[in-house]
Amino acid sequence: MSGRDLTGAEILLEALSDLGVEVIFGYPGGAVLPIYDALHKQRRIRHVLVRHEQGAVHAAEGYARASGKPGVVLVTSGPGATNAVTGITDALMDSIPVVVITGQVATHLIGTDAFQECDTVGITRHCSKHNYLVKETARLAEVVHEAFHIATTGRPGPVVIDLPKDVQVARARYQRPGTIMHRSYRPRIKGDLAAISAAAEMLASAERPILYTGGGIINSGPMASQKLRELAGLTGAPVTSTLMGLGAFPASSPQWLGMLGMHGTYEANMAMNQCDLMVCLGARFDDRVTGRLDGFSPRSAKIHVDIDPSSFNKTVRVDLAIEGDVGHVLDDLVKVWKSRGLRPSVSEEWWNRIRGWRAVRCLAYEQKGPEIEPQHAIARLREAVAHLDPIITTEVGQHQMWAAQHFPFEKPNRWLTSGGLGTMGYGLPAAIGAQVAFPNKLVIDIAGEASILMNIQEMSTAVQYRLPVKVFVLNNEYMGMVRQWQDLTYEGRHAESYTAALPDFVTLAEAFGWKGIRIDTEDQLDAGIAEMLAHPGPVFVDCRVKKHANCFPMIPSGAAHSEMILSQADVSGELDASAEALV
Amino acid sequence: MNAPAPPPAPRPAKPLFPEEPAERHTLSVTVDNEAGVLGRIVGLFSARGYNIESLTVADVSPDHAVSRITIVTTGPRRVIDQIHAQLERLVPVHSVTDLTEAGPHVERELALVKVAGTGEKRVEALRLADIFRARPVDTTTSSFIFEVSGSTSKVDQFIALMREVGLVEVARTGVAAMARGKDPA
Ligand SMILES: Cc1ncc(C[n+]2csc(CCOP(=O)(O)OP(=O)(O)O)c2C)c(N)n1
Ligand SMILES: [Mg+2]
């Protein structure tokens, strides 16, 4: 039982490599130089040099969400660590497995306000799933293995390892640790069978059931999506999903209702409102989904399946809570259903109601004249690329919601968007991370002109690593989503929401070594998209769209599902004070 | 009657579970005795807006590996359940027991109470201390420090009485608590 005598930096890389890590997204600095030197001397792990540490974390998130493997980040102490905080918080909110290694000043300098010292474990304590300050090289291997275990199991999330420089330099023996049996952390995988059987019986006797699915299905892995399809097939229940869960259920299925929530479809939200049984699978009753709580599906029984029991009864009371990995629970649910020979009692009347809501055609829009409707741009894009099974990332704003509405998905891990934190600047680095995971896939960031500027520097990263990502900007010259709220809440007083002084994106793209394409009118749209697809390298498309379009349907903050605004015509001036206070 | 109609009242911001009254619960939490663990717990309470009435912590295992944290908190039932679940979610937390929920348990806290005065007041302070089984642990000709222990309400009561006879300052430990009977919580 000897192991080898290595420096802390070497132990780190050895452990990462034992954990199957192939790529690190990072940015160097004084406090991580020993690790960079060790990286330089080996060939097993690739390093992708980003241009800002926030970009490193989003890239790792994109990598993780597209591939299902944890993303790894390496940044220096002080500003490197603080720049990573937005990304870490984003990964926490969306339950994305990433491990972030931050350099720290030498242990004897900690607490002295040394150069580039910051309290990284203090700062990230509440925006990470867990974090460590490693003070002894001998403990490092164990910590790295444990960190991956925690990041990837249970409800996934970001784990931070703060590594003082002297710990990177000191030597210790490295031995690959055995399976991790954590002293206190033991997430539950299998759900309680009695509860699952009760759920099956409830589903079988429901006349108006709905499956409300979320990002947990994607996180659980492809098996969960498969089992969801099976369960939907067996029960005949309609299916809706949160923003995070899109792709888990095929949008082409006749049982698919579209996304629910604030910008969800009329049929999804009405069905949530009027169902008699709601089965929440790996979602968390987020306020963007529920709207006003006392108006949220008032007459339904609710079943909630979640790996994180703190999600139960947090905002919405449920009748049956099942703790476990949603993939395993779905598997058992399907088994129980079959072994008991259950039959659905979904009423024809339920589907008739749904057909009625669908007939409202809440996502309809009219493209006339040369000015491009943003929905139309997305629909044409989707038409041109659907057969290529692309990965789509987004920034945050109206374009994100239009993409969610008008770019349907058939498979999981194809839709990467910042849901919980709503981080502008997410899409480009996430696209880079996804492209690193799948070099031959088409990866497109559907962006807004304001958001894209928040991590525009990552265009260099794409060039350096020959990553042919595409950025498709719906340029409305506004922080459109902000402007929309100002239209709805502040009588159209557009305080600071005009994105003035925009760069010439085509020239900017070319300056970075990208191809730039500008689309001004509808007649240029298809040709511009074709040109984007024909180019083998990264392409930036500046697609000019209608400036004042608003994104509907919309459930205003603090309203119930049944109080949905379907179009601009339904908008009625200012909101009252209590609704104004909500975000 | 043709008075103008009153303006519509703004919709009040509703609490999530309005029907539930606040309850006081004592939670016993065992944790890995590692750096930052208290910060995680206190930070959880402040970040999510939970109340802490008192919090005590000390390591309780011979190898100093495990600490017991006793937290007294108040809130509606749902919030208490949330606190329980959120605490259990923390990686270094071994177990969380809601002692109030689990059944009969003992709660004690200790206070040091400094009282200054002479003459009649000094005699009265000593007499009251005796009734409360508070021991003088420091004495000068014009002051006492009493050590009193017991339930929170007993300590509260003692301190209230001492105010009338020359209370100077108080230090309290907060609650330590444990389930009754032979089994661990
Ligand atoms: C980092 C960050 N800052 C601010 C916001 C608030 N915000 C949400 S959407 C939005 C406007 C986005 O504008 P743009 O990228 O042009 O997208 P559009 O809504 O016009 O499609 C802003 C400022 C945010 N989500 N993230
Ligand atoms: Mg915009």
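In this predicted model, helix α16 of chain A, which runs over residues 398-406, is mostly covered, since nine of its nine residues are buried. The buried residues of α16(A) include A:Gln398, A:Gln400, A:Trp402, A:Ala403 and A:His406.

A:Thr394 has a relative accessible area of 0%, and because buried means under 20%, A:Thr394 counts as buried.

The size of an interface is often given as the accessible area lost when the parts come together. For domain 1 of chain A and domain 3 of chain A, the area buried between them is about 2,000 Å², with 59% of it on carbon and sulfur atoms. On the side of domain 1 of chain A, the residues that lose the most area to domain 3 of chain A are A:Arg51, A:Arg65 and A:Ala66, which together make up 30% of what that side buries. Across this interface of domain 1 of chain A and domain 3 of chain A, zero salt bridges are found by the rule.

The interface of chain B and chain A comes next. Here 22 residues of chain B are in contact with 26 residues of chain A, and the area buried between the chains is about 2,100 Å², of which 47% comes from carbon and sulfur atoms. The rule finds three salt bridges across the interface of chain B and chain A. B:Asp32 forms a salt bridge with A:Arg183, in which the closest N and O atoms are 2.8 Å apart.

Chain B also carries a nonpolar patch on the surface, formed by B:Leu38, B:Val42, B:Ile52 and B:Val57, which together have about 270 Å² of accessible area. One of these residues, B:Val42, lies in helix α1 of chain B, residues 37-47, and counts as partly exposed because its relative accessibility is 36%.

Key:
Residues numbered from 1 in each chain as written. Chains lettered and ligands numbered in written order. Predicted model: local features only at pLDDT ≥ 70, side-chain atom pairs only at ≥ 80, totals over all residues. Heavy atoms only, no water. Patch = residues over 30% accessible without salt bridge, like charges linked within 9 Å, V, L, I, M, F, W, Y side chains within 5 Å. Areas by Shrake-Rupley, 256 points an atom, 1.4 Å probe, with all protein chains shown as cover. Salt bridge = Lys/Arg side-chain N within 4 Å of Asp/Glu carboxyl O. Helix = DSSP H or I, 4+ residues; strand = E, 2+ residues; numbered from the N terminus. Buried < 20%, exposed > 50% of the residue type's maximum accessible area, 1.4 Å probe, protein only. Buried area = accessible area lost by both parts, 1.4 Å probe. Contact = heavy atoms within 4.5 Å.
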